[in-house]
Structure formats: structure tokens, C-alpha cells
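Subject: Handover of a protein structure

Dear colleague,

Please find below the structure I am handing over to you.

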Amino acid sequence: KELKKLEKEYANARKFMEDTYDVYMGHYDTSSPEMRAFSKISRDLVAAAKLGKVAIYQMAELATAIMKQGILPVMAEGLRPKLLSLNHMLKTAEAEDMRKNAADFLIGLNGVQGALVSRVTEDRFMNYAPVGRITNHVMGGVESLANMSGNIFFINQMANINEGIVANAFQSEVIRASHEFVEGTISPALKQKMARYGINLNKEAENFIKQFKNSGGYKTSTGGYQTKAYAWSDAEAAHNLRMSVRRAVKDTIVNKNIFTSPYWSNNSVGKMIFMFRGWAYDAFVHYTLPMLQRPQASYFLNFATVVGFNMLIPPLARLANGKEAYTDDSTWMNEVYQGLDYSGLLGPYTQMIEGLNTFTGLSLPGMRTERTDQRALLGALGPVFGYANDAFAFGHAAATGRMTEGNAKRGLRLAPFNSSPLISAPAAAWINSMNLPRQTNQAAPWSIRQALLGEE
């Protein structure tokens with residue numbers, strides 16, 4: 001009996017390692033080339049239509065950076081130099097040093113090959129499916145639309161800015177920690193933080209200070225330090241600093257990660273269901289679990305700060321959809337819940353609750369967000385299926401002429417580049433002004449022509 005139990009555990013462990021290897025190498029998806037091509041085209045179409053609102057969510061990442069790195073380092077040593085240098089665009093010595101440091105740390109590269117868009121669409125590997133000439137052209141064209149959408153709506157640029165803020169803050173904090181260690185005034189929490197990102201101050205503090213001085217590093221006008229790490233002569237010390245900064249950035253700026261998401265999300269159907277959800281798993285692993293493992297008062301304060309920042313997202317999303325920022329039935333509980341949902345601090349569990357609401361027809365008090373409030377049943381399976389449902393509803397309404405206000409807005413949501421608040425808000429307001437019926441049974445055939453052309 002014990003032997004059978006051991007054999008079963010061994011078989012499970014072996015299967016897990018085989019799956020881990022396949023996921024890492026990009027071989028986990030064994031579906032047909034046609035299915036992989038269909039899945040990729042579908043996800044890129046959705047990305048081209050939906051990425052406009054991502055920049056709104058990215059603004060709230062500043063709060064998560066505060067949660068991981070502390071409010072003073074992020075605001076004084078990370079954000080303020082960014083603002084004073086106009087995101088490194090000014091021709092000042094400090095702006096030049098920040099640009100060179102970013103290149104040395106290999107951060108701020110999300111605009112290269114649409115890196116952030118690839119993570120959003122669950123395309124982490126360049127394994128194009130050889131299907132046929134026409135399909136390949138369609139696949140390449142739709143991918144270009146998705147990447148263009150990411151650049152037009154500045155989501156790659158926003159990701160670069162957030163990475164730069166964290167990198168500026170942390171490289172400055174490393175020098176501050178080294179000085180405090182040598183002086184004997186460092187706190188246990190700061191020493192532990194340095195160790196968590198791979199810096200052994202017992203071995204490296206004095207050499208870091210030496211390299212900092214020899215390279216011309218200086219104290220900035222904002223009270224932080226500019227390491228000029230790109231000019232350090234000690235290759236090993238520069239490498240250790242470089243890797244620690246990259247660890248801090250990766251630990252702070254949440255993205256979908258192949259090892260914090262379920263392995264099933266790496267096949268063709270799983271990617272369509274899981275699209276846009278990987279960040280929630282990664283946020284739970286990087287933010288909530290460490291807080292539960294090492295509970296500190298500052299963590300809980302930062303937790304509340306993150307939720308507060310993310311409570312600003314729902315009103316902005318409603319404005320982007322052509323609605324009022326706050327509705328008459330808005331409650332404090334619902335606003336807090338939406339802040340928790342958009343922050344990702346509860347991982348995928350809030351989305352599971354909202355999916356249960358949709359599937360069962362329930363409306364649990366306060367358990368709704370702007371993105372799920374009017375979600376159709378298929379939408380609970382993921383944005384690709386929600387996009388397909390919108391396409392079917394709009395196509396049917398257009399074919400029969402029974403166009404309602406809701407179906408017109410569904411048609412708007414299908415168009416690439418439509419989801420930016422600069423586009424979606426006035427477009428939604430225009431549809432509202434057309435006085436289309438709200439229900440299908442109120443729509444006479446071809447009433448859309450009356451609204452558009454004024455025909456009787």
C-alpha cells in the first residue's frame with residue numbers, strides 16, 4: 001500500500017516536471033496548427049480593441065510600487081526625478097545618467113517587439129503555426145494591429161515609466177543601505193530587504209560605496225543617490241547591482257508569469273479563457289502572499305493605499321464608457337470591492353466570484369465591477385468569448401435592422417483602437433444621442449436608418 005502511494009507520488013512529480021519543462025520551453029501547447037492560429041488571431045483582435053483602458057490600470061501601479069518599496073523611496077527617489085527630468089527627456093546630467101542606467105539594467109524595453117502586448121495576449125513564445133499563406137498574412141496583420149494599439153495607447157511607454165520609477169528608487173536605496181550598514185545604523189528590515197533581492201551587505205556594502213564614489217556617483221537634488229552603475233569599474237559589483245535592480249523591478253511591476261499562472265493557461269483554448277487574467281495571479285503571489293508570510297504594520301498600511309489608488313479606476317472606466325463617474329446605486333462597499341478587484345491583491349478570486357454571478361444569474365451585493373456589470377454569459381469565459389458574443393449580437397441586429405442602443409455599443413467595442421477614453425467616451429455619447437430603443441422588442445426593422453439619416 002505504501003509502495004503504491006509512493007509510485008503515485010512519483011508519477012505525479014514526474015508529470016509536473018515534464019509539464020514545467022514544456023511550459024518553460026514553449027512546447028506545452030500541443031493543439032493543431034489551425035487551432036493555434038485561430039487562438040492567436042482571436043486574442044490579437046481582442047487586444048487591438050481592448051488595450052486602450054490598460055493605461056488607466058497602469059497608473060494605479062504606482063500604489064503597488066509603494067507597497068513593495070515604501071512610500072519615501074518611490075516618491076522621493078523614484079517618481080520625483082522622473083518628473084523633474086520629464087521622463088529623462090531633458091538634456092541634464094541626471095537625466096542622461098538615468099537613461100544610461102536604464103540601458104545597463106536592461107529595463108524599459110517594453111516597446112521592443114511589443115513586449116507588454118505579448119504578455120497581455122499570452123504570447124510568450126514565437127511559435128507561429130504554419131497554416132497557409134492567407135492565414136499567415138491575417139495572423140501577422142492582426143498582430144501588427146495589437147502592437148500598434150499598445151503603442152498608440154502608450155501602454156508600453158507606461159510600463160517603461162513604472163519600471164524606471166522602481167529602478168531609480170531601488171538603486172538609490174542600495175547606496176543608502178550600504179552607507180547605513182557601514183555606519184552601523186541600518187535597520188533589520190532594510191537589511192532583510194537587500195538580502196531578498198540578492199545583495200549581501202556583509203560582503204558588498206564597502207565595495208558598493210567605493211564604486212559609487214569612483215564612478216562619479218552623487219547625491220541628487222531630491223535627496224536620493226545616482227549610482228552611475230553603468231560606469232562602475234568592478235564588473236562583479238556592477239553585475240550584482242544590476243541583477244538586484246532587475247529583481248526589484250520584476251518583483252514590483254506585475255505581469256503575467258508562466259510560473260505563477262495555471263499550466264492549462266498555456267494551451268490554445270486556455271489562453272483565450274485566461275487572457276488578461278495572468279496579472280491577477282502574479283499580483284497575488286508578489287503582493288498578498290509576502291504580506292501574509294511576513295505581516296508588518298507598514299504592509300497593511302500600504303495595502304490600504306493600493307486599494308485606495310485602485311478605487312479611482314472604476315469611475316475613470318465608467319467615464320470611458322460614456323457614463324457618469326458615479327451612479328445613484330453606488331455604495332461604499334461596492335467601491336471598496338472594485339478597488340480590491342482592480343488591484344489584483346485578491347488574485348483571481350474576485351473574478352471567480354463575478355464569473356459565478358454571471359453563470360448563475362445571481363447579483364451578490366456589491367460584487368460587481370464596471371467590466372462585468374453588463375457581461376453576457378459567454379463573457380464569463382474570458383474576453384475572447386465576450387468579443388465573439390458582441391460580434392454575434394451586433395451582426396444579428398445589423399442583419400435584421402433591429403438595432404438597439406446596447407447592440408450599437410457592442411459594435412463600437414469590436415473596432416480596433418476604440419477603447420481609449422479619448423475615443424470611446426465621445427463615441428458612446430454619440431450613440432446615446434441617436435435615441436435608439438433600449439430593448440429589442442421596441443426596435444422596428446431598420447430603425448437605425450431613422451436615427452442616422454432622419455428617414456420616416
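The whole protein

Please bear in mind that this is a predicted model. The protein contains 22 helices and two strands. Of its 456 residues, 50% are buried. Among contacts between residues at least 6 apart in sequence, 72% join residues that are at least 24 apart.

The contact of α5 with α9

Two packed helices are described by the angle between their axes and the distance between the axes. Helix α5 covers residues 71-84 and helix α9 covers residues 155-183; their axes are 8 Å apart and the packing angle is about 125 degrees. Because of that angle, α5 is oblique to α9. The crossing of these two helices is right-handed. On the α5 side, the residues in contact are P73, V74, E77, G78, L79 and K82. On the α9 side, they are N160, I161, G164, I165, N168, A169, S172, E173 and R176. Sorted by class, the contact of α5 with α9 holds six nonpolar, five polar and four charged residues.

The contact of α2 with α19

Helix α2 (residues 33-50) and helix α19 (residues 383-400) cross at roughly 80 degrees, and their axes come within 9 Å. An angle from 65 to 115 degrees counts as roughly perpendicular, and α2 and α19 are therefore described in that way. From α2, the contact is made by S42, R43, L45, V46, A49 and K50. From α19, P383, V384 and Y387 take part. By class, the contact of α2 with α19 has six nonpolar, one polar and two charged residues.

A covered helix

Helix α20 spans residues 405-414 and is mostly covered, with seven of its 10 residues buried. The buried residues are E405, N407, A408, K409, G411, L412 and L414.

Residues in loops

Most residues other than glycine have a negative phi, and most peptide bonds are trans. Against that background, which backbone value does L106 have, although it is not a glycine? L106 has a positive phi of about 60 degrees. Its place is the loop between α6 (93-105) and α7 (115-120). With a relative accessible area of 49%, L106 is partly exposed.

K228 is not a glycine either, and its phi is positive at about 50 degrees. K228 sits in the loop between β2 (225-226) and α12 (235-252). Is K228 buried or exposed? K228 is buried, because its relative accessible area is 18% and the cut-off for buried is under 20%.

Lastly, L90 lies in the loop between α5 and α6. Its relative accessibility is 31%, so L90 counts as partly exposed. Leaving aside residues up to four places away in sequence, L90 touches L84, S85, A95 and R99.

Yours sincerely,
A colleague

Note on methods
Residues are numbered from 1 along each chain as its sequence is written. This is a predicted model: local features need pLDDT of at least 70, side-chain atom pairs count only at pLDDT 80 or more; totals for chains, interfaces and linings use all residues. Side-chain values use heavy atoms; hydrogens and water are left out. Axes are lines fitted to C-alpha atoms, for helices over the stretch in contact, and angles run from 0 to 180 degrees between N-to-C directions. Helices (H or I, at least four residues) and strands (E, at least two) are DSSP runs, numbered from the N terminus. Angles under 35 degrees count as roughly parallel, over 145 as roughly antiparallel, 65 to 115 as roughly perpendicular and the rest as oblique. A crossing is left-handed if the near helix is turned anticlockwise from the far one by less than a right angle, and right-handed if clockwise. Contact means heavy atoms within 4.5 Å. Ala, Val, Leu, Ile, Met, Phe, Trp, Tyr, Cys and Pro count as nonpolar, Asp, Glu, Lys and Arg as charged, and the others, Gly among them, as polar. Buried means under 20% relative accessible area, exposed over 50%, partly exposed in between (1.4 Å probe, protein chains only).
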